[in-house]
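Hi everyone, thanks for coming. I'd like to walk you through a structure that may be new to you, so let's bring it up on the screen.

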Amino acid sequence: MKFVMGKNIVAFYFLLVAMLFWASLIVYKSTEKAILSSELIMHTHEVRHMSDNVLLDILNIESGFRGYLLTRNELFLEHYFSSVTSIAGNLAAMDKLTKGNPEQQLRINAVAKTSSDRLTYLNKIIEFTRQEKLKEKDISDILYSGKILTDKVRNIITIINLEESKLLKQQNIDNDKNNGKVRLLYFGLLT
């Protein structure tokens, strides 16, 4: 009788250790998922922050250029030139952050190409204005074409941010599911 009871106690402890090991493994895997999910959420916020910086650069370039074009005052070009410098870094950061997302890469390349084309054009206009080769009647056409290109960049940035919002929503759903599993396991262990 003692021998059978001893076997039952050993089996009980073996089962208890196995359950604790299984629960620990699930908690460990869930913690890994939570950490990965948090990293992905932070990554998404970084991409959105960089895209907002690029948009701000574009708007500063456009407003600085417009101010200069309308007034011929070189002070308006300060924001223009500082944003021309920072946009390259911001686009490079976005490119690096989205390496694993080919669709976002295409969008970022479109922003970079449009921005580059626009800057080439604006630099020529600035030079023409400095040399007084620009005719007054051309100013409204230049401003209108600038608005079209700026709106194009703004639309691409909006699409980039919408995609990141979609990714963020999915990451939050995955994170909530993972947290629910951990809570269920925790309550299961308590009972």
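In which helix is Ser-83 found? Ser-83 belongs to helix α2, residues 77-97. Helices here are DSSP runs of H or I with at least four residues, numbered from the N terminus.

Before going on, a word on where the values come from. This is a predicted model, in which local features need pLDDT of at least 70 and side-chain atom pairs count only at pLDDT 80 or more, while totals for chains, interfaces and linings use all residues. Residues are numbered from 1 along each chain as its sequence is written, and side-chain values use heavy atoms, with hydrogens and water left out.

Back to Ser-83. Is Ser-83 buried or exposed? Ser-83 counts as buried because its relative accessibility is 3%; buried means under 20% relative accessible area, exposed over 50%, and partly exposed in between, with a 1.4 Å probe and protein chains only. Not counting residues up to four places away in sequence, Ser-83 touches Asp-57, Asn-60 and Ile-61, where contact means heavy atoms within 4.5 Å. With Asn-60 there is also a side-chain to side-chain polar contact at 3.5 Å. A polar contact is a pair of N or O atoms within 3.5 Å; within protein, one must be able to donate a hydrogen and the other to accept it, and residues adjacent in sequence count only if both atoms are side-chain atoms.

Next, the cavity. How many cavities of 30 Å³ or more are there? The count comes to one, and the volume of the largest cavity is about 60 Å³. A cavity is a set of points on a 1 Å grid over the protein atoms alone where a 1.4 Å probe fits but cannot get out, and lining residues have an atom within 4 Å of a point. Grid points are joined across faces, edges and corners, and the volume is the space filled by probe spheres set on the points. The lining includes Ile-58, Glu-62, Arg-118 and Val-153. Helices α1 (2-71), α3 (102-130) and α4 (136-190) each give two or more residues to that lining, and α3 provides the largest share, five residues.

Let's stay with Glu-62, in helix α1. At 5% relative accessibility, Glu-62 is buried. Leaving aside neighbours within four places in sequence, Glu-62 contacts Arg-118, Leu-122, Gly-146, Lys-147 and Thr-150.

Phe-65 is among the residues that touch the most other members of the largest nonpolar core, which has 29 residues. Such a core is a set of buried Ala, Val, Leu, Ile, Met, Phe, Trp, Tyr and Cys residues joined through side-chain atoms within 4.5 Å. α1, α2, α3 and α4 each supply at least two residues of this core, and α1 gives the most, nine.

Phe-14 is also in helix α1, but Phe-14 is exposed, with a relative accessible area of 64%.

Finally, Glu-164 lies in helix α4 and is buried, at 2% relative accessibility. How far apart are Glu-164 and His-45 in sequence and in space? They are 119 residues apart in sequence, and 8.0 Å apart from C-alpha to C-alpha.

Methods:
1 Å grid on protein atoms, 1.4 Å probe; cavity = no way out; pocket = protein on both sides within 12 Å on 5 of 7 lines; lining within 4 Å.
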